[in-house]
Amino acid sequence: MPDALPLSSEHHSLLEAVVALPSGVELLREGHLESVSVLFGAHPAVVDEVRGWMGSKAQRKLLAEALLRARNRKPAALAPASVAPAPPVPATPEELLRAALEVPGGDEFLAEAPLETVAIVFGVHPDLAAKARDLVAPSAKRASA
């Protein structure tokens with residue numbers, strides 16, 4: 001068994017993006033493949049390969065070590081001290097819709113991404129994401145007409 005994982009620059013970039021989010025490892029492990037790929041800016045094959053490493057005890061240990069190294073070397077721009085305070089978590093569908101509209105492409109993301117991914121990104125329950133999606137759906141239908 002090798003004493004290190006075969007990490008390419010794409011793997012390093014993915015791991016650095018994962019450690020930049022408080023629940024990044026959980027999202028990497030549990031999220032919809034294409035959504036995780038888009039969110040972290042990694043090719044789905046790279047995401048899938050890293051997920052595969054989670055299945056082996058020896059590789060999982062090496063992956064944990066690589067994640068720790070990524071956390072220690074993450075750029076200053078990603079350091080918590082330089083990140084603006086998080087906006088309040090939306091409590092209503094209307095607040096979630098407003099939060100989505102503040103992000104470029106957020107309305108499309110809210111309307112089309114898997115509900116679980118929307119919930120993770122905005123820190124809300126999937127039921128709230130579904131209700132907010134219902135608010136954006138009529139405007140999406142009018143735009144396509």
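A: Read along the sequence, the chain follows the pattern α-α-α-α-α-α-α-α-α. That makes nine helices and zero strands, where helices (H or I, at least four residues) and strands (E, at least two) are DSSP runs numbered from the N terminus. The model is predicted, so local features need pLDDT of at least 70 and side-chain atom pairs count only at pLDDT 80 or more, while totals for chains, interfaces and linings use all residues. Residues are numbered from 1 along each chain as its sequence is written, and side-chain values use heavy atoms, with hydrogens and water left out.

Of the 145 residues of the chain, 32% count as buried; buried means under 20% relative accessible area, exposed over 50%, and partly exposed in between (1.4 Å probe, protein chains only). Among contacts with a separation of 6 or more, 51% come from residues 24 or more positions apart, a contact being heavy atoms within 4.5 Å.

Arg-133 is buried yet has no salt bridge, a salt bridge being a side-chain nitrogen of Lys or Arg within 4 Å of a carboxyl oxygen of Asp or Glu. The nearest side chain of opposite charge is that of Asp-134, 7.0 Å away; Lys and Arg count as positive and Asp and Glu as negative, with His and the chain ends not counted. Leaving aside residues up to four places away in sequence, Arg-133 touches Phe-109, Leu-110, Ala-111, Glu-112, Ala-113, Pro-114, Leu-115 and Val-118. In helix α8 (residues 115-122), Val-118 is buried, as are Thr-117, Ala-119 and Phe-122. Gly-123 follows α8 and has a positive phi, near 70 degrees.

The structure holds two salt bridges. One joins the side chains of Arg-29 and Glu-30 at 3.1 Å, N to O. Arg-29 is partly exposed at 44% relative accessibility, and Glu-30 is exposed at 56%. The other links Glu-65 with Lys-61, whose closest N and O atoms are 3.6 Å apart. Both Glu-65 and Lys-61 lie in helix α5, four residues apart, about one turn of the helix. An α-helix has 3.6 residues a turn, so residues three or four places apart point the same way. Glu-65 is partly exposed, at 32% relative accessible area, and Lys-61 is exposed at 56%.

Helix α5 (residues 57-73) also packs against helix α1 (residues 9-20), at an angle of about 75 degrees and with axes 9 Å apart. Axes are lines fitted to C-alpha atoms, for helices over the stretch in contact, and angles run from 0 to 180 degrees between N-to-C directions. The two helices α1 and α5 are therefore roughly perpendicular; angles under 35 degrees count as roughly parallel, over 145 as roughly antiparallel, 65 to 115 as roughly perpendicular and the rest as oblique. From α1, His-12, Leu-15, Glu-16, Val-18 and Val-19 take part, and from α5, Leu-63, Ala-66, Leu-67, Ala-70, Arg-71 and Arg-73. By class, the residues of this contact between α1 and α5 are seven nonpolar, one polar and three charged. Ala, Val, Leu, Ile, Met, Phe, Trp, Tyr, Cys and Pro count as nonpolar, Asp, Glu, Lys and Arg as charged, and the others, Gly among them, as polar.
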